[in-house]
Amino acid sequence: MALSQHLSKSRQFLAIARNYSAAASLVNVEVNDKSGVAVVTLQRPPVNSLNLELLTEIKQTLTGLEKNKSRGAIITSAFKTFSAGLDILEMYKPNPDRAKEFWTTLQDVWISLYSAQFPTVALINGPAPAGGCLLSLCCEYRIMVPKAVIGLNETQLGIVAPSWFAASMENVIGKRQTELALTTGKLFTTDEALKVGLIDEVVQTKEEGLEKAQGFIGSFARISPFARSLSKQTVRGGTIRSMVKGREADLQLFLATIQQDQVQKGLGLYIEALKKKQAA
Ligand SMILES: CC/C=C\C/C=C\CCC/C=C/CC(=O)SCCNC(=O)CCNC(=O)[C@H](O)C(C)(C)COP(=O)(O)OP(=O)(O)OC[C@H]1O[C@@H](n2cnc3c(N)ncnc32)[C@H](O)[C@@H]1OP(=O)(O)O
């Protein structure tokens, strides 16, 4: 499709996305007029913790981008935190039906973002623990600001990162580093993340990050989108197939795990600690 035609379609999507954003407003989508690349900004205050509503909007946004054959997407945050990960309140004293929908929607978001046909970049403009890190690991390229942290720190909450969280990290930094990171619940500083390959670039500001992200996506201008996306599928297909095959068992494991007394106690203490931190 010619770029002008494509941009016209993108603008239509933007209009729809804006209308949608106006109604719900947890995700803002802006399509760059020149490049056709969508900047997807998470905006659930205060820390973009991923609750059912935010995950649902992310899922709908990704579906819209895929339908409109997006040229690319940059995922970032409107706040100083990229994302605080899963909303702990979705797992603490949960309503079983909501918990089921919550986890299923998280799985859907992972599948859509991990297998997106268009190029994806995470512009990590602040801390990205646990589910925040997972979102960025689904992308093809990660750009991060200094003085932030990123990692799958689940063990520090007394819970275990599911196998597809671990696989997402392993595909980026390898088995050895993933095992060390997961068993300790390590949160990498920006410098450490760069060293281990968990992120690709460090930028000083979000604006610089947006330019770099556009540059990364622009680097595919002369590559056939068909060949590009099939190559991505070749590399990621095994991980996606195994997640999809195991998703019902994964859901049941999640529901059973969060009902355990020990897990509930741990989550309760963690919530208290977060609140005390703010009061101090
Ligand atoms: C094999 C096993 C299979 C299945 C297993 C089953 C289950 C396990 C799977 C579970 C996977 C979980 C993945 C996750 O994502 S868990 C969430 C982990 N997140 C964190 O540990 C981050 C916690 N937050 C922070 O460290 C800081 O908030 C942060 C650095 C992000 C920002 O710091 P800042 O100083 O800017 O803000 P705060 O004052 O700390 O926070 C502001 C308010 O936001 C609340 N908050 C923060 N994080 C969360 C969160 N994740 N969920 C809900 N609420 C959160 C915080 O309490 C403050 O609230 P108020 O006091 O203002 O009410």
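How are α2 and α3 oriented to each other, roughly parallel or roughly antiparallel? In this predicted model, helix α2, which spans residues 52-67, packs with helix α3, residues 96-114, at an angle of about 30 degrees. Angles under 35 degrees count as roughly parallel, and α2 and α3 are therefore roughly parallel to each other. The axes of these two helices lie 9 Å apart, and α2 passes α3 in a left-handed crossing.

The residues that make this contact can be listed for each helix. From α2 come Leu52, Leu55, Thr56, Ile58, Lys59, Leu62 and Thr63. On the side of α3, the contact is made by Arg98, Glu101, Phe102, Thr105, Leu106, Asp108, Val109, Ser112 and Leu113. Divided by class, the contact of α2 with α3 has 8 nonpolar residues, along with 4 polar and 4 charged ones.

Helix α4 (residues 131-138) packs with helix α5 (residues 163-173) at an angle of about 50 degrees, and their axes are 10 Å apart. That angle makes α4 oblique to α5. The crossing in which α4 passes α5 is left-handed. Leu134, Leu137 and Cys138 of α4 make the contact with Phe165, Ser168, Met169 and Val172 of α5. By class, the residues in the contact of α4 with α5 comprise 6 nonpolar, 1 polar and no charged.

The model also contains an open sheet of 3 strands, arranged in the order β5-β7-β8 with mixed pairing. Its edge strands are β5 (128-129) and β8 (188-189), each of which pairs on one side only. Strand β7, residues 149-151, is joined to β8 by 2 bridges, and these two strands run antiparallel. Within β8, Thr189 is the residue that stands opposite Val149.

The ligand remains to be described. It is surrounded by 28 residues, of which Ala84, Gly85, Leu86, Ala130 and Gly131 are the closest. The elements that give two or more residues to the shell around the ligand are α10 (247-258) and α11 (261-279). In terms of class, this shell around the ligand has 17 nonpolar, 7 polar and 4 charged residues.

Methods. Residues are numbered from 1 along each chain as its sequence is written. This is a predicted model: local features need pLDDT of at least 70, side-chain atom pairs count only at pLDDT 80 or more; totals for chains, interfaces and linings use all residues. Axes are lines fitted to C-alpha atoms, for helices over the stretch in contact, and angles run from 0 to 180 degrees between N-to-C directions. Helices (H or I, at least four residues) and strands (E, at least two) are DSSP runs, numbered from the N terminus. Angles under 35 degrees count as roughly parallel, over 145 as roughly antiparallel, 65 to 115 as roughly perpendicular and the rest as oblique. A crossing is left-handed if the near helix is turned anticlockwise from the far one by less than a right angle, and right-handed if clockwise. Two residues are in contact if their C-beta atoms, placed from the backbone, lie within 7 Å. Ala, Val, Leu, Ile, Met, Phe, Trp, Tyr, Cys and Pro count as nonpolar, Asp, Glu, Lys and Arg as charged, and the others, Gly among them, as polar. A residue is near a molecule or strand if its C-beta atom, placed from the backbone, lies within 6 Å of it. Two strands pair if DSSP finds at least two bridges between them.
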